[in-house]
Amino acid sequence: MGNRGMEDLIPLVNRLQDAFSSIGQSCNLDLPQIAVVGGQSAGKSSVLENFVGKDFLPRGSGIVTRRPLVLQLITANTEWAEFLHCKGKKFTDFDEVRQEIEAETDRVTGANKGISPIPINLRVYSPHVLNLTLIDLPGITKVPVGDQPVDIEQQIRDMIMQFISRESCLILAVTPANTDLANSDALKLAKDVDPQGLRTIGVITKLDLMDEGTDARDVLENKLLPLRRGYIGVVNRSQKDIEGRKDIKAALAAERKFFLSHPSYRHLADSMGTPHLQKALNQQLTNHIRDTLPAFRSKLQSQLLALDKEAEEYRHFRPDDPSRKTKALLQMVQQFSVDFEKRIEGSGDQVDTVELSGGAKINRIFHERFPFELVKMECDDKEMRREISYAIKNIHGIRTGLFTPDMAFEAIVKKQVVKLKEPCIKCIDLVIQELINTVQQCANKLATFPMLREETERIVTTHIRERESRAKDQILLLIDIQLAYINTNHEDFIGLRLGWLTINNISIMKGGAKEYWFVLTAESLSWFKDDEEKEKKYMLPLDNLKVRDVEKSFMSSKHMFAIFNTEQRNVFKDNRFLELACNTQEEVDSWRASLLRAGVYPEKSSNFSMDPQLERKVETIRNLVDSYMAIVSKCIRDLMPKTIMHLMINNVKEFINAELLAQLYSAGDQNALMDESQEQVQRRDEVLRTHHSLKEALAIIGDISTTTVSTPLPPPVDSSWLQAGPGGSRSLSGRGKG
């Protein structure tokens, strides 16, 4: 294995990986990629092989690398290789790896020098490598040969740029010593993507093939054509060496001997050669690892801080201490009580932002869902009229009645009141469900003690169920009370309409227009001397009456309407019409609306049926039922929440506060009640283990910080000599090694 420097880094990275895996996290170091760029036969592949310490890349003259090779090095216990295009097949013979690269290249590009941007992905697993990605790229060429397209130079350039333009890519710009460095295409490409020279290292190959009497000393000393990170010279094996099976270890010894014995390079020997190139790259990797350490340290410290308090509690924890169990029981029950209260009464620190719950949901049941259920129970208009019609006829029996029977009204009202039972019971069921959900949510905090949680839920739910029957009995009692007495004297009932009206058409002989106190009921319109209702002047039955408009007299400021009999009879004494006057048009409209509800229609209404008398009775009762049911519904809507709050919600809160603890004590063995869950035991062990591992990981990071050194970036140099643009490379004769 030739890469000594990389082997020094492996234990460092392994320690970091171990520190993170001990706390169940991955250490994403994201080490940079290393791309090898250069002209054809510049020796790129040889430089790359030295990283792996194995011969496995195709060789020859001209363009040998015709597809990008993405080489992933992965730390493993044994040494083997695997291709992405034939996954699952392990290569342990690296000669076979070379043959597979050649075959896979030809498969896509053909055998006649064609190129393709589709990369070959090769993974090499070894105990002697770091998790790194190396990229071998096709050599830059100017003149197409074989099946190569005319724009071969541009295609290869685009292919190289795709890899080296990434910020995380280190660029090895490989240039043979026997070419014109000022026109190096590799350096020009690197300059395009890395103008500051922060991630470019110049690599000079073929120093052993320079003409007699010439050397690259000024270049290697970074004097002649300077780069910010300078140049490193290497001497690769010749084709003859490779064919003669000269291994990499022997080649490195020969390279070292070359630099020590060459008069121009002897003084540079320690900063030249493949081992120094690897050392320079490994220092870059060390810098990268050190750059990531502050973020890792910060992340671990915040995790450690978050666990400090819990770990301190657990460190002195004695699971079987009876005083601890008693204290925990008291705290848990108190917490449960507080949580239940907050969820019902509302609180800023227990806010569910996903859905309504607890008190908010119960409020919605009271004021939205319950009224909606009441409306659903209402009879539709047509069905109601039909029922009233049958009720009237059935109450009359064989006789024909002349009055609107109270019995029909009561029968229909009672039927409607009974229908209220179902939505009331449903409302209680919905509240019960939400109370039980609230108990379960509050009990989630008791999960540390499964028996306590189970018993708490059982005791409180049982109490809720007991209160349920009490609340339902009370609500049904409220409905039975409504059924017991139909109060038609209720102030909101439309059966009663009272107010002052002026009778306009009384003759002057009899005193002229005069104001009386009028009372409208379902059966009649009566008027009295005054609002004490002691002296009744007249009572007019409503059968066969209608209302018509009367034009306002210019002599009077009053607004008028008239009542008349549809069968041409006198309405009042010898008057065919009863003209009534009010002070405002609003009063006229209000009285007309009341008369309409009592079944006295406007003159032009075509609302006649086969039996107008029955129709008026039906209409009258329907309006009376609507009015009375509005009173009952309003009463029930008001009393339902009050009853449920008193008999259930407040009672359950009081029970949890005052009775729950006593019932838990009497339920059985307190020790068993306060036994921890297996999950809690595991959680405690996990916290202590993680806390310890975090401390260890931080110690390792501290250790790495003190045992490694960051190499500062060299100062900028004047690289204006390197201008991107056309320019041929002056090549001397030499054997291709790339």
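# Report on a predicted single-chain model

The chain exposes about 37200 Å², of which carbon and sulfur atoms supply 51%. The model is a predicted one. Its chain averages a pLDDT of 81, and 87% of the residues score at least 70. In residues 724–738, by contrast, pLDDT stays under 50, and for this stretch the model has 41 contacts beyond four places in sequence.

## Overall organisation

The secondary structure of the chain comes to 20 helices and 16 strands. Of its 738 residues, 48% count as buried. When contacts between residues at least 6 apart in sequence are taken, 74% of them join residues at least 24 apart.

In soluble globular proteins, nonpolar side chains tend to be buried together. The largest nonpolar core of this chain has 68 residues, and those that touch the most other members are Phe336, Phe409, Leu435, Leu452, Met640 and Ile644. The elements giving two or more residues to this core are helix H10 (322–345), helix H11 (358–377), helix H12 (381–396), helix H13 (406–418), helix H14 (421–443), helix H15 (450–484), helix H17 (612–658) and helix H18 (660–667). The largest share, 18 residues, comes from H17.

Residues up to four places away in sequence not counted, Leu435 touches Phe340, Ile344, Ile362, Ile464, Met648 and Ile649. Apart from this core lies another, of 40 residues, which includes Phe163, Ala177, Ala186 and Leu207.

## Packing of H13 and H15

How are H13 and H15 placed relative to each other? Their axes are 10 Å apart, and the two helices pack at an angle of about 175°. An angle over 145 degrees counts as roughly antiparallel, so H13 is roughly antiparallel to H15. The residues that meet are Lys414, Val417 and Val418 in H13 and Ile479, Gln482 and Leu483 in H15.

## An enclosed helix

Helix H2 (residues 44–52) is largely enclosed by the rest of the structure, because nine of its nine residues are buried. These buried residues are Lys44, Ser45, Ser46, Val47, Leu48, Glu49, Asn50, Phe51 and Val52. After H2 comes Gly53, whose phi is positive, near 80°.

Thr274 has its place in helix H9 (residues 274–315). With a relative accessibility of 5%, Thr274 counts as buried. Neighbours up to four places away in sequence not counted, Thr274 touches Asn50, Val234, Leu252 and Glu255. Asn50 is itself one of the buried residues of H2.

Asn287 is also placed in helix H9. Asn287 is buried, its relative accessible area being 11%. Leaving aside neighbours within four places in sequence, Asn287 is in contact with Val709, Ser710 and Thr711.

Ile631 is found in helix H17. Its relative accessible area is 13%, so Ile631 falls under the 20% cut-off and is buried. Beyond neighbours within four places in sequence, Ile631 is in contact with His490, Asp492 and Phe493. Ile631 and Asp492 stand 139 residues apart in sequence, while their C-alpha atoms are 7.0 Å apart in space.

The relative accessible areas of these residues are set out below.

| Residue | Relative accessible area |
|---|---|
| Thr274 | 5% |
| Asn287 | 11% |
| Ile631 | 13% |

## Positive phi in loops

Most residues other than glycine have a negative phi. Which value does phi take at Asn544? Phi of Asn544 is near 65°, a positive value in a residue other than glycine. Asn544 is found in the loop between strand S12 (536–541) and strand S13 (545–549). With a relative accessible area of 24%, Asn544 is partly exposed.

Gln568, although not a glycine, has a positive phi of about 60°. Gln568 is found in the loop between strand S14 (559–565) and strand S15 (577–582). Is Gln568 buried or exposed? Its relative accessible area is 54%, and because exposed means over 50%, Gln568 is exposed.

Note on methods:
Residues numbered from 1 in each chain as written. Heavy atoms only, no water. Helix = DSSP H or I, 4+ residues; strand = E, 2+ residues; numbered from the N terminus. Buried < 20%, exposed > 50% of the residue type's maximum accessible area, 1.4 Å probe, protein only. Contact = heavy atoms within 4.5 Å. Areas by Shrake-Rupley, 256 points an atom, 1.4 Å probe, with all protein chains shown as cover. Core = buried A, V, L, I, M, F, W, Y, C linked by side-chain atoms within 4.5 Å. pLDDT = per-residue confidence, 0-100. Axes fitted to C-alpha atoms, helices over the stretch in contact; angles between N-to-C directions. Parallel < 35°, antiparallel > 145°, perpendicular 65-115°, else oblique.
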